[in-house]
Amino acid sequence: MRLVLASKSASRRAMLTAAGVVFESASASVDEEAAKAALRADGVAPRDLADALAELKALRVSHRDPEALVLGSDSVVALEDGSMLDKPADRAEAADHLRRLSGKRHELISAAVMAIDGKPVWRVVDRAKMHVRPLSENFIEAYLDLEWPGISGCVGCYRIEGPGAQLFTRIEGSQFTVLGLPLLPVLDYLRVRGILAS
Ligand SMILES: Nc1nc2c(ncn2[C@@H]2O[C@H](COP(=O)(O)OP(=O)(O)OP(=O)(O)O)[C@@H](O)[C@H]2O)c(=O)[nH]1
C-alpha cells in the first residue's frame, strides 16, 4: 500500500524521511483559516481542533487517492488561558506571539489522522508542554533578526531544532510532536499496516 503525506510541511516530510519511511507528498489545499474560524466559533478545544484539521487534510487527499493510506497532520499552540496562536503573519506579529509566550507554559499539540478510501482509519493526538523562560525585548529582536522569516511557517514562532531551543527552560514530551508529528505512534501504525517491518 502506498503512503501519502497530505502536508506541505517541510518538517513533517523531513521527519518521515529521516525515519526511513517511503512516502509521496500531496497538498491537501484546505482553507485552514476558514476551518479554524468555524471550529473556534463552535468553542472546539485546541486538541479537538488539531484533530479535526488533521482529519480534514487526510480526507481531502484520500478522496482523490482512495487506494492509498493518507496521513494528515496539524499542530496547534494552546496557551494556559485557552487561547491559540496561528502562524505569525509578519515579524511584528511574531514578536507579539513571543511576548505572549514569555515566562509561561503552553502546549504544542500535534494531531495525526490516517485515511483510506475517504474514511478515517486511525488517529492520535499528542501534547508537549513547553516552558518558556522570560524573554527580554532585546532577546526577541535579536532572535527575530536571526529567525525571521525562517519561522514564518512555524506555529509558536520557533524551530526547536534551531535557535528556538533558546526560548525554553524545559520541555515535557516528544520533540517529534513539537516538530509537528506524533512520529512514534505513526510509525507504530505503519508497522500494523505492513508498510514498515515489525
Ligand atoms: N521545523 C519546525 N517546524 C515547526 C516547529 N513547531 C511547529 N512547526 C511547524 O509549524 C507548522 C504548523 O502548521 P500546520 O498548519 O500544522 O501545518 P502546515 O505547515 O501549514 O502544513 P500542512 O500540513 O500542509 O497544513 C508545521 O509545518 C510544523 O511542522 C519546530 O519546532 N520546528
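How far is a backbone N or O atom of Ile160 from an oxygen atom of the ligand? Select Ile160 and the ligand in this predicted model: the distance is 2.8 Å. The protein covers 94% of the 630 Å² of accessible area that the ligand has on its own.

One of the backbone N or O atoms of Gly153 is 3.2 Å from a ligand oxygen atom.

Now show the surroundings of the ligand. There are 21 residues around the ligand, and the closest are Ser7, Glu32, Lys57, Lys87 and Leu179.

Move on to helix H5, residues 137–147. Colour Phe139, Ile140, Tyr143, Leu144 and Glu147, which are buried. Looking down the axis of H5, you will find these buried residues within an arc of 125 degrees, so they line one face of the helix. Turn to the other side of H5 to find Asn138 and Asp145, which are exposed. Helix H4 is included in what covers the buried residues of H5.

Helix H4 spans 91–101, and the loop between this helix and strand S5 (105–116) holds Ser102. Select Ser102 next. Is this residue buried or exposed? Ser102 has a relative accessible area of 16%, which is under the 20% cut-off, so Ser102 counts as buried.

Show the contacts of Ser102: leaving out residues up to four places away in sequence, Ser102 touches Val132, Arg133, Pro134 and Leu135. Last, select Gly162, 60 residues from Ser102 along the chain. The C-alpha atoms of Ser102 and Gly162 are separated by 18 Å.

Conventions:
Residues numbered from 1 in each chain as written. Predicted model: local features only at pLDDT ≥ 70, side-chain atom pairs only at ≥ 80, totals over all residues. Heavy atoms only, no water. Helix = DSSP H or I, 4+ residues; strand = E, 2+ residues; numbered from the N terminus. Buried < 20%, exposed > 50% of the residue type's maximum accessible area, 1.4 Å probe, protein only. Contact = heavy atoms within 4.5 Å. Arc of directions from axis to C-beta. Near = heavy atom within 4 Å. Polar contact = N/O pair within 3.5 Å; in protein donor to acceptor, adjacent residues only side chain to side chain. Areas by Shrake-Rupley, 256 points an atom, 1.4 Å probe, with all protein chains shown as cover.
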